[in-house]
Amino acid sequence: MAPRTKVLFLCIGNACRSQMAEAIAKQVASDVIDPSSAGLVAFGEITGPTLAVLSEHGISADGQHSKTLRSEDVSGTELLINMTGRTSDSIFDAPSVPSEDWDVGDPFGLHLSVYRKIRDQIEARVEDLARRLREKADSAENRQTVGKGSEGEPAKQPETKTDAT
């Protein structure tokens, strides 16, 4: 089993995009992603349209709540996914963890169809992230098993004959 990567999804208010990403990751990538989310300035609740479009895909945000980013959130993560619309470099003086900037529009206050479009984009990106993490874990696992016999012991090297002339 692949190790789970602690991923922090960040947006502006932690009411729409990062909440969607956290809930989707719990649903489709719990084998490789240990998700959490935060906002630069928390809105204070997960919006109704966010919950509605997640529910349309059978995804629940139960147990999640809107929260502001804290330094301990960043230090406790292995990968930060930034969906604020600003680059990670402009938000953090010196990012202490690897980050990816995802260009995902902010649906806040817009029509439900926009929320659906954003949900679908985030779902595709989370699935891609999960695929990459699984490939990375498989690659690391394969490197560890190279040179091991069937029982996990070092493989016996074939004997070579040398001609003493």
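Asp120 is partly exposed, with a relative accessible area of 36%. Here buried means under 20% relative accessible area, exposed means over 50%, and partly exposed lies in between (1.4 Å probe, protein chains only). The model is predicted: local features need pLDDT of at least 70, side-chain atom pairs count only at pLDDT 80 or more, and totals for chains, interfaces and linings use all residues. Numbering starts from 1 along each chain as its sequence is written, and side-chain values use heavy atoms, with hydrogens and water left out.

**Asp120 and its surroundings**

Asp120 sits in helix α5, residues 112-145. Its side chain joins that of Arg119 in a polar contact of 2.9 Å. A polar contact is a pair of N or O atoms within 3.5 Å; within protein, one must be able to donate a hydrogen and the other to accept it, and residues adjacent in sequence count only if both atoms are side-chain atoms. Val53 is 67 residues away along the chain, and its C-alpha atom is 9.5 Å from that of Asp120.

**Overall layout**

The chain has 5 helices and 4 strands. From the N terminus, the elements run β-α-β-α-α-β-α-β-α. Helices (H or I, at least four residues) and strands (E, at least two) are DSSP runs, numbered from the N terminus. Of the 165 residues, 38% count as buried. Among contacts between residues at least 6 apart in sequence, 71% join residues at least 24 apart. Contact means heavy atoms within 4.5 Å.

**The sheet**

The 4 strands form an open sheet in the order β2-β1-β3-β4, with parallel pairing. The edge strands are β2 (33-39) and β4 (99-101), each pairing on one side only. From one strand to the next, the twist averages 20 degrees. Two strands pair if DSSP finds at least two bridges between them. Strands β1 (residues 5-11) and β3 (residues 79-82) run parallel and are joined by 4 bridges. Leu10 stands opposite Asn82 in β3.

**Helix α1**

Helix α1 (residues 17-28) lies across β1 and β2, and runs at about 165 degrees to β2. Axes are lines fitted to C-alpha atoms, for helices over the stretch in contact; angles run from 0 to 180 degrees between N-to-C directions. The 12 residues of α1 should span 16 Å at 1.5 Å a residue, and the end C-alpha atoms are 16 Å apart, which agrees. The expected span is 1.5 Å times one less than the number of residues. The helix is mostly covered, with 9 of its 12 residues buried. Among them are Arg17, Met20, Glu22 and Ile24.

Ser37 counts as buried because its relative accessibility is 2%. Leaving out residues up to four places away in sequence, Ser37 touches Leu8, Phe9, Asn14, Ser18, Gln19, Glu22 and Lys67.

**Cysteines**

The structure holds 0 disulfides. A disulfide is a pair of cysteine sulfur atoms within 2.5 Å. The sulfur of Cys11 has its closest cysteine sulfur in Cys16, at 6.9 Å, so the two are too far apart for a bond. Both residues are buried, as the table shows.

| Residue | Relative accessible area | Closest cysteine sulfur |
|---|---|---|
| Cys11 | 2% | Cys16, 6.9 Å |
| Cys16 | 4% | Cys11, 6.9 Å |
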